[in-house]
Amino acid sequence: MPLPLPHALREGFNALRANPMRALLSTLGVVMGVASLTAVLSLGDGVEAFARQQITSTTSLQAVVVRPQTARVVDGIRVPRSDVASWTVADAESIARAIPGVAEVVMQVEGQALVGRGDSGARRGAWVLARLARAESAPLAAGRDFTADEVRRGAAVAVIDHGLAAALAGPGGESPTALVGATIVAQGTPLTVVGVGAAPEKPAPFFHLEVPYGLADRVMLPSRDPRIPTLILMADSVEQVARVKAGAEGWLAARYAGDTTVATVSTQEGRLGQVQRGLLIFKLLMGAMTGISLIVGGIGIMNVLLASVAERTREIGVRKAVGARQADVLAQFLAESVAITGAGAAVGTVLGVAGAFGVTAVMRAVAEAKVYAGLSVSTVLVAVVAAVVTGVLFGLYPALRAARLSPIEAIRHE
């Protein structure tokens, strides 16, 4: 019967101990290959995570914008709509629950207002943004952003920019940040200031005031044109943008009885495709580099096993003469190959992880980029499995050559 696997592995390790220098040199090739593979995979995971974080925080590539239409086209003529879509905070929460892959929902409407410290005193003009609370608000010099609960119940709170705070503070020497907790009035609506923005490097052309979404009609000046609320769905990854867009279109169709003209759903598809192609090319490049390293290690294993077959020809002949089958000899030499790659994978994984963390530390120090090596279970499994598969593939030819030797010719071999 064929040699049991544990016994074959034991015989393989015994054969490697018989020639430790050769085993060490062959294992060294695998160590280098697996170390390169692990380091590249860890660096690739870290760089990809950094790239995705930059895309999320500095670009709008993951944004799906749902914008109501104020007119419809009839025979080439734009006709104003009487049923311009308008949404509430509850609608935003509903669409976030209904569409998979949505990380955040931002809904906002813009307008103008006259703002003062009370019934007396000069009014200052400000551009008003009524919006939902966001996880990442603009930098504040004092105070806080309004909360999701304040948005939901339409609390009379406001976040004002540094310029408006300074203008409302007056010439008496009051600090702009001291307005946190003070009451201001916009269109007769008293608002409690909960946050003051940081001082800008350059003065802004307009003062800015932000309030919860439900206060838009109360604090903004009347307008002849309808105020258009914009709904922005932030996908949790670039791969989810198409799915979120399809979900938004389905939500609109269900809400407005299939009327596809009530709103437009737009994304930056051109730039999004470029980013996805860039990520794919990066992964293919990393895979090609690691594949070359493993092939070099595999060739080393094959050469060592071929030399071992040539040296142990008489031993193989004797074993086959006393009853060993081809499967027994094949299992022994494959076990030697797996033993080499297994030991090399263990050492190479540790060295690769250490190298990846060292390289990212240098990148953070030199480029001031917050890149960290991404060590995951999948990375370790891929490195180990790739090493073992390499050992089996490159050890198969020497093992088959040994298993096919004729016992009589092998015993006569000098």
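The following exercises, with worked solutions, concern selected residues of a predicted model.

**Exercise 1.** Determine where Leu215 lies and whether Leu215 is buried or exposed.

*Solution.* Begin with the secondary structure: Leu215 occupies the loop that links β10 (207-212) to α6 (216-219). Next, consider accessibility. The relative accessible area of Leu215 is 1%, and the cut-off for a buried residue is under 20%; Leu215 is therefore buried. Finally, examine the surroundings. When residues up to four places away in sequence are set aside, Leu215 touches Gly154, Ala155, Ala156, Val157 and Leu191. Val151 stands 64 residues from Leu215 along the chain, and their C-alpha atoms are 8.9 Å apart.

**Exercise 2.** Describe the setting of Asp161 and identify the nearest side chain of opposite charge.

*Solution.* Asp161 is placed in the loop between β7 (157-160) and α5 (162-169). Asp161 is buried but has no salt bridge. The nearest side chain of opposite charge belongs to Arg124, 10 Å away, whereas a salt bridge requires a separation within 4 Å. A polar atom of the Asp161 side chain does lie 2.8 Å from the backbone nitrogen of Leu164. Leaving out residues up to four places away in sequence, the contacts of Asp161 are Val196, Gly197, Phe206, Phe207 and His208.

**Exercise 3.** Classify the accessibility of Val74 and state which residues form a nonpolar surface patch.

*Solution.* Val74 belongs to strand β2 (residues 71-74). Because its relative accessibility is 39%, Val74 is classed as partly exposed. On the surface, Val74, Ile77 and Val79 make up a nonpolar patch, and together they have about 230 Å² of accessible area.

Notes:
Residues numbered from 1 in each chain as written. Predicted model: local features only at pLDDT ≥ 70, side-chain atom pairs only at ≥ 80, totals over all residues. Heavy atoms only, no water. Helix = DSSP H or I, 4+ residues; strand = E, 2+ residues; numbered from the N terminus. Buried < 20%, exposed > 50% of the residue type's maximum accessible area, 1.4 Å probe, protein only. Contact = heavy atoms within 4.5 Å. Patch = residues over 30% accessible without salt bridge, like charges linked within 9 Å, V, L, I, M, F, W, Y side chains within 5 Å. Areas by Shrake-Rupley, 256 points an atom, 1.4 Å probe, with all protein chains shown as cover. Lys, Arg positive; Asp, Glu negative; His and termini not counted. Polar contact = N/O pair within 3.5 Å; in protein donor to acceptor, adjacent residues only side chain to side chain.
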